[in-house]
Amino acid sequence: MTRHLTRRAFSRLLAAGVASPLVARGAAAATAVTVASLFGADKPETRIWLKIKEIVDAKLPGRFDFRVVQNAALGGEKEVAEGIRLGSVQGSLSTISALSSWVPESQVLDAPFVFRDAAHVRRVVDGPIGEGLKTKFAAQNFVVGGFINYGARHLLTKEPVTKPSQLAGKRIRVIQSPLHTELWKAFGANPTPIPIPETYNALQTGVVDMMDLTKSAYAGFKLYEVVPYLTETGHIWATGVVYFSAPFWKSLKDDEKAILSAAAAEGALYFDQLIVEDEAASMAKAAAAGGKTVAVEDRATWEAGARGVWATLAPKVGGLDKIEAIAKTS
């Protein structure tokens, strides 16, 4: 399994035109840093790395050669995470959901209807909860440089959906996360885990009927072409991380680690600002292409159904008291 993943990761690197970091070190003084981005140069997922590069280059000129491989050329989040763990990819972003199979406790940040707004999310991840999760990620070869906020997740459908009862029997694409599976089962839907690069085709061909995603990614993947309705459920705030490969990180000097850490933390705040701006631009783009925004009806029923997932989630994340405490964080 490991050998297969290593060969696959190496093949993707070659296909994307990225040399092996070891080869790069032998050819030049700069240390190659292969970074995976799911999107193109105009999206926050790529722009954050250009910002990090700018910060690092100003303090350590010529020390690193950042190579940002765009448009999911190195695979979806799960594949990139495997590359990070093995060291074939040195840096990337990931939603917490995609990493939850390695760190189940991180799902506490995905608990539905817990966070009120982006500021609430930031207070929690910058406190003891965030620090504890960083330690658990490190144990899985993921070195977290900072937490990011992709925005709230909303329901994307082919026909208007405003009530939970309309989800019964529908096939919904979900992130490969037990929590997301349980959430949509609670509403009577049939969850199907599908990597994000394959989602457009799955919706277009009828493999699934709907999905959930942030507004920024909705436009980034042009999903308005196949699921034109976005219902503003805001059920989960999509928390993520800026992270590095532990094998790569362990090879760095202390001053390099300090500067990369500071750059990642600054980049995370920059990313959050970009997401707010990008969401507005993304929804304007979607609307121009026929996308439609729909408000939910009977929000209390949506919340009641989702909060039922808390009890299922509680044993995995440290107890129901922990979830409730986060929800009440001021």
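Predicted model: local features only at pLDDT ≥ 70, side-chain atom pairs only at ≥ 80, totals over all residues.
1. Helices (H or I, at least four residues) and strands (E, at least two) are DSSP runs, numbered from the N terminus.

2. Residues are numbered from 1 along each chain as its sequence is written, and side-chain values use heavy atoms, with hydrogens and water left out.

3. Along the principal axes, the C-alpha atoms fill a box of roughly 60 × 40 × 40 Å.

4. On burial and surface: of the 330 residues, 54% count as buried. Buried means under 20% relative accessible area, exposed means over 50%, and partly exposed lies in between (1.4 Å probe, protein chains only). The chain exposes about 13,600 Å², and carbon and sulfur atoms supply 54% of that area. Accessible areas come from the Shrake-Rupley method with a 1.4 Å probe; for residues, only the protein chains shown count as cover.

5. On contacts: among contacts in the protein chain with a separation of 6 or more, 75% are between residues 24 or more positions apart. Contact means heavy atoms within 4.5 Å.

6. Leucine 93 gives an example. At 8% relative accessibility, leucine 93 counts as buried. Leaving aside neighbours within four places in sequence, its contacts include Ala36, Trp49, Tyr150, Val242 and Phe271. Leucine 93 and glycine 240 are 147 residues apart in sequence, yet their C-alpha atoms are 7.0 Å apart in space.

7. Valine 56 lies in helix H3 (residues 44-59) and, at 0% relative accessibility, counts as buried. Not counting residues up to four places away in sequence, valine 56 touches Pro61, Phe64, Phe66, Ile259, Leu260 and Ala263.

8. Proline 197 lies in the loop between strand E6 (190-193) and helix H9 (199-205). Is it buried or partly exposed? With a relative accessible area of 41%, proline 197 is partly exposed. Proline 197 touches Ala72 and Gly76, not counting residues up to four places away in sequence. The C-alpha atoms of proline 197 and glycine 76 are separated by 6.2 Å, although the residues are 121 residues apart along the chain.

9. Phenylalanine 113 is not a glycine but has a positive phi of about 60°; the residue is found in the loop between helix H5 (96-99) and helix H6 (118-125). At 10% relative accessibility, phenylalanine 113 counts as buried. Aspartate 298, also a residue other than glycine, has a positive phi near 50° and sits in the loop between strand E9 (292-294) and H13.

10. On pockets and cavities: on a 1 Å grid over the protein atoms alone, a cavity is a set of points where a 1.4 Å probe fits but cannot get out, and a pocket is an open set with protein on both sides within 12 Å along at least five of seven lines; lining residues have an atom within 4 Å of a point. Grid points are joined across faces, edges and corners, and a volume is the space filled by probe spheres set on the points.

11. The largest pocket has a volume of about 500 Å³. Of the 34 residues that line this pocket, the closest to its centre are Leu38, Gly76, Glu77, Arg173 and Ile196. Helix H4 (77-86) gives the largest share of the lining, five residues.

12. A search of the whole structure finds two cavities of 30 Å³ or more. The second largest cavity holds about 30 Å³ of space and is lined by Pro178, Leu179, Glu182, Val309, Thr312, Leu313 and Lys316. Four of the lining residues, the largest share, come from H13.
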